[in-house]
Every structure is written in C-alpha cells, then in structure tokens.
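Please read them with the structure open.

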Amino acid sequence: MTQSKDKTIQQKISDLDALVAWFDSDEFSLETALDKFKEAEALALAIEKDLAGLKNDIEIVKKKFDSASE
Amino acid sequence: MEKIRFSVSDFIAVTNQTLEYAYPSVEIEGEVASFKVNQDKFVFFDIKDSGGSIGCFMTVWQLRVPIEDGMKVIVTAVPKLTQWGKFSLTVKSVRPSGEGALKKSFEILKAKLDAEGLFAFERKRTLPPVPKHIAVISSVHAAGYADFIKILGDRWGGVKVEVAQVQVQGTDSRDQIIRALEYFNTRDALPEIVVIIRGGGSADDLAGFNDERLVRAIASSRIPTLVGVGHETDESLSDLVADVSAATPSNAAQSIVPDRAEVVRSVRYKIQSVLPRILQVIETQKAIIEERLQYAFLRTEFQYDQTAERFYRLRRVLDQLDPGVVLKRGYALLRGDERVGGEIEIETYKAIIKAKVQKYDAK
C-alpha cells in the first residue's frame with residue numbers, strides 16, 4: 001500500500017470514505033472500531049493539513065500572442 | 001509655380017502615396033448599403049450617411065462579423081484611388097456600431113452557428129472535478145484576471161496555472177486569443193481545462209467575444225473550455241460555444257476547483273457521522289446484553305418458583321404423613337404388648353401414658 005504522505009488529497013479523501021463506509025458495513029465490529037476511528041481521525045487531520053498548505057503554481061507563458069509570426 | 005505633369009498611372013500612384021501618408025488607417029462610421037459577396041471571396045459594400053457614400057472592398061477572410069444592409073458599422077480602412085479612378089476604401093476590419101447593430105450582428109451569427117450545431121448540448125464536455133493543470137487566456141492586468149486568480153487560490157491549491165497574456169479588448173484581441181488557444185492545444189502536456197476570462201465592459205468592449213473565428217476556435221479546442229466573460233447579464237457567443245460558461249471570472253474559478261473550506265467541513269462531518277454509528281452499535285449491544293440478563297433472571301426466577309412449588313407440595317405431603325400432625329388432631333399412638341395384662345404405652349399429642357391392657361376384643 002502507498003504511504004499516506006505520498007498520496008494525493010483525492011486519494012486520501014477516497015481512503016477516508018472507505019474507512020467511514022466500513023462503519024456502516026457488515027464487517028463492522030466494536031473490537032476494531034476504535035482503531036478504525038483513530039485511523040480515520042488521523043487521515044482527516046492529514047487532509048486538513050494538506051489543504052491548508054496547498055498553493056497554486058502560476059506561470060506566465062513567455063510566448064507573445066500579438067503577432068502570428070512569433 | 002511650375003505645373004507638374006503626371007501620367008495617369010503616376011498621378012494615381014502619387015495620390016495613393018499622399019492618401020497613405022495622410023490617412024495610413026482611418027475609422028469611418030456609417031450605414032452599410034449594397035452589401036454583396038462575390039465568388040465567396042470578395043466583399044463589396046458602400047458606407048454612407050445622409051451626406052455621402054463611399055465604396056468599400058475587403059476579403060471574406062477579413063469580415064469577422066456578419067453585416068447586412070442598413071447596419072451601422074465602423075470600418076477601419078485605407079483610402080485608395082483605383083486604377084479606374086474610383087475612390088474606395090480598402091477595409092481591414094469592420095465592426096457593428098451601436099447597440100442595435102451589435103445586437104443584429106450577434107443574432108445573425110448566433111443563428112448561423114446554432115444551425116451548425118456548435119451550441120448543442122451534446123457537444124458539451126464535462127470538466128475534470130479537481131484539475132491539476134489549467135491554462136488561462138486573459139490579460140494579467142485585468143481586474144477579472146485578478147479576481148479569478150484570487151478566488152482560485154482561496155478555494156484550492158496545487159494547480160499548475162499557465163497564463164497566456166493577451167489583449168481582451170480591441171480588434172487584435174480576437175486573434176491573440178485564437179493564437180493562445182492554438183498554443184495550448186498543441187502543447188505536449190495538454191492542460192486539462194482552458195479558461196478564457198475577462199471582466200465586464202460595454203457591449204462594444206465585449207464584441208470581440210462574438211467573433212466568428214474565435215467562436216469556431218473555441219468549438220474546435222481539444223481541451224475542454226470554460227469561458228467567463230463580462231458580468232452576469234452579458235452573454236457572448238464564446239460563452240455559448242464553450243463547454244462550460246461562467247457568469248463572471250470569479251464564477252469561473254468557482255466552477256473549476258472545489259472549495260477547500262467545504263472539503264474540510266465535509267471531512268469533519270464524515271468523522272462526526274461515525275460516532276453516532278459506534279454509539280448506536282454500543283447501545284444495541286447493551287440492549288442485547290440487558291435483554292439476555294433479563295431473560296436469565298426470569299428463567300432463574302421461574303426455576304426457583306417451580307422448585308419452591310414442588311418443595312411446598314412435597315412438604316404438604318410430608319406434613320400429611322407426619323404422625324405428630326395426626327396426634328394433634330386428637331388421635332393417639334399405641335405401642336406395647338396388646339394382650340390382656342400386657343403393658344402398653346399411649347402417646348397423645350401432649351403426653352405419653354403408660355397403661356395395662358384389661359380387655360382385648362379382636363374386630
């Protein structure tokens with residue numbers, strides 16, 4: 001499995017969705033629920049941290065468009 | 001003063017040189033008359049007002065907006081004396097003038113492109129939900145561009161934004177935007193969306209976005225297009241042909257990326273939604289255990305009652321068998337030698353009496 005830090009936000013959100021879905025699935029058991037909950041909580045915090053740190057990379061194209069020949 | 005003698009051709013050439021020097025490019029406003037297209041290549045019309053009329057010539061390629069007789073236009077042209085001595089304007093560009101003409105031109109082209117299916121819903125492509133690479137075509141000095149970049153950054157991050165700096169107003173703007181579209185469409189790493197944005201303006205300012213060649217360039221883009229031009233009330237043909245149209249540049253940014261604040265809220269909601277589920281399961285388990293305990297208690301109580309009942313029944317039987325109970329009712333127990341003269345012992349409830357047998361009659 002890919003390490004959490006290497007995953008994109010979208011992948012982490014998908015992982016969180018899967019974890020949350022487990023709580024509503026037939027596989028749910030109280031014995032493992034606490035571990036799963038802690039895992040989901042850590043993932044949610046990681047997503048929030050990633051979101052807060054994201055910046056866009058803006059690059060002005062060097063090419064000039066005022067003449068067809070350039 | 002010495003008179004200068006020209007040949008006809010030289011005079012025409014000198015006149016044209018003089019005209020070119022005096023009026024290298026003029027803008028003339030007037031009404032279109034006698035509009036016609038020859039061989040699908042050459043456009044002829046007159047531009048006139050109440051005081052005069054001048055013949056105009058241009059190529060179909062240069063005619064970027066539909067015009068018709070009676071329409072008020074502004075032509076950008078070079079005045080010229082032809083070899084047949086006729087004065088005319090060689091038109092470089094023509095654009096409708098005034099709200100009525102702009103609207104008329106807009107409606108003609110809209111109907112034509114609509115008939116070709118360029119605005120059809122089936123042609124619309126969906127934008128990727130979270131793009132990583134987008135292209136923006138705009139003027140970096142425009143307020144609309146600044147709004148777009150700010151809102152894009154506020155809402156999301158991690159997006160590579162390539163910006164093509166173009167004019168978004170004036171006759172050159174159309175070709176610059178077309179070239180920028182071609183540039184992005186021929187990149188090795190294609191952006192996932194190409195966004196064309198410009199803030200609001202007058203109908204004349206936004207007229208470039210109704211240019212037929214620009215509209216066709218947007219329609220043929222390999223990259224899904226998003227056009228956010230003008231204010232909410234403005235509608236251009238570029239908006240209509242784009243895969244997605246945004247009312248303003250700010251709305252364009254909102255259409256492209258999710259809002260990180262909403263994602264955070266959603267993530268927190270997901271975590272919170274798990275807790276009731278756990279509590280519900282715990283409550284259910286607790287109820288099951290309580291129910292089972294209650295059942296066990298009731299069974300124990302039942303078994304106890306059953307046992308106690310049996311015990312009391314046996315006890316009653318035992319009581320019936322107890323000689324003491326019989327004695328209590330007034331009977332006596334007799335033990336000893338029953339023969340006449342023999343000694344016997346009589347036991348009553350209250351005493352034990354010794355006696356001798358005086359008579360014995362068998363029954």
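**Notes on the contact between the chains, and on chain B**

1. Strand E1 (residues 57-60) of chain A pairs with E7(B). The sense is parallel, and the pairing runs over four bridges. Within E7(B), B:Glu162 is the residue that stands opposite A:Glu59. Bear in mind that this is a predicted model.

2. Now the contact as a whole. Chain A gives 27 residues to the contact and chain B gives 35. On the side of chain B that touches chain A, at least two residues come from each of helix H3 (143-155), strand E7 (160-165), helix H4 (171-185) and H8. H8(B) supplies the largest share, 14 residues. By type, that side of chain B holds 20 nonpolar, seven polar and eight charged residues.

3. Is H8(B) largely buried or in the open? Of its 62 residues, two are buried, so H8(B) lies largely in the open.

4. Last, a single residue. B:Lys356 belongs to strand E13 of chain B, residues 352-356. It has 11 other C-beta atoms within 10 Å; the cut-off for exposed is 12 or fewer, so B:Lys356 counts as exposed. Leaving aside residues up to four places away in sequence, B:Lys356 touches B:Gly341 and B:Glu343. The C-alpha atoms of B:Lys356 and B:Asp337 are separated by 8.8 Å, with the two residues 19 apart along the chain.

Technical notes
Residues numbered from 1 in each chain as written. Chains lettered and ligands numbered in written order. Predicted model: local features only at pLDDT ≥ 70, side-chain atom pairs only at ≥ 80, totals over all residues. Buried ≥ 20, exposed ≤ 12 C-beta atoms within 10 Å, placed from the backbone. Contact = placed C-beta atoms within 7 Å. Nonpolar A, V, L, I, M, F, W, Y, C, P; charged D, E, K, R; others polar. Pairing = 2+ DSSP bridges.
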